[in-house]
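Here's a quick briefing on helix packing and charged pairs. Have a look at the model first.

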Amino acid sequence: KLYPTEETKQVLRLSLTEFSLPKFYLLFGISKVKSAAVIAFRSSYRDRSFSPGSYERETFALTSLETVTEALLEIMEACMRDIPTCKWLDQWTELAQKFAFQYNPSLQPRALVVFGCISKRVSHGQIKQIIRILSKGLESCLKGPDNYNSQVLIEATVIALTKLQPLLNK
């Protein structure tokens with residue numbers, strides 16, 4: 001049976017404390033609540049006064065996703081040090097890559113950011129795919145500058161490329 005080291009326990013305690021701070025509510029898109037638990041566990045079954053339109057859903061910025069992803073990666077890496085055969089990061093990277101390179105206006109930008117943040121290595125082929133996605137987003141913006149999805153996709157590819165560029169061979 002594996003037990004977490006004191007160092008891992010300390011990382012987990014600090015992360016839990018940090019995630020409980022109101023400043024982190026904004027990163028999760030729920031800054032207008034007094035307690036994250038109120039929103040997380042609310043349902044129309046238990047609370048009849050709640051309806052989907054009763055609170056305004058905030059947008060989840062890609063920069064917030066970047067910060068949250070890096071925080072979760074730190075937690076995962078701390079836990080993985082105590083589990084020699086752990087493949088969590090490989091599985092997460094594989095899933096992020098799958099959705100990053102698959103067209104889906106809702107998931108693709110987020111997956112690109114996550115893929116950029118958690119990847120430990122990158123191939124030239126993957127960079128080419130991201131540049132193609134960037135190119136398509138730019139083309140779409142030129143056709144109609146009001147295309148919000150294209151702007152988000154462009155932002156996501158720039159974040160991903162910025163994170164992945166240091167991993168490339170010189």
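This is a predicted model: local features need pLDDT of at least 70, side-chain atom pairs count only at pLDDT 80 or more; totals for chains, interfaces and linings use all residues.

Residues are numbered from 1 along each chain as its sequence is written, and side-chain values use heavy atoms, with hydrogens and water left out.

**Helix α6 against helix α8**
- The axes of α6 (residues 108-118) and α8 (residues 148-164) come within 8 Å and cross at roughly 10°.
- That makes the two helices roughly parallel (angles under 35 degrees count as such).

**The network around K163**
- There are 5 salt bridges, each a side-chain nitrogen of Lys or Arg within 4 Å of a carboxyl oxygen of Asp or Glu.
- E66, E70 and K163 are linked in a network of them.
- K163 pairs with E66 at 3.2 Å, N to O; since E66 sits in helix α4 (residues 62-81) and K163 in α8, the pair ties together parts 97 residues apart in sequence.
- K163 also bridges to E70 at 2.4 Å, N to O, linking parts of the chain 93 residues apart.
- E66 is buried at 18% relative accessible area, while K163 is partly exposed at 27% (buried is under 20%, exposed over 50%, partly exposed in between, with a 1.4 Å probe and protein chains only).

**A pair within α1**
- E6 and K9 form a salt bridge, with the closest N and O atoms 3.5 Å apart.
- They are 3 residues apart in helix α1 (residues 6-19), so about one helical turn separates them.

Note on methods
Axes are lines fitted to C-alpha atoms, for helices over the stretch in contact, and angles run from 0 to 180 degrees between N-to-C directions. Helices (H or I, at least four residues) and strands (E, at least two) are DSSP runs, numbered from the N terminus. Angles under 35 degrees count as roughly parallel, over 145 as roughly antiparallel, 65 to 115 as roughly perpendicular and the rest as oblique.
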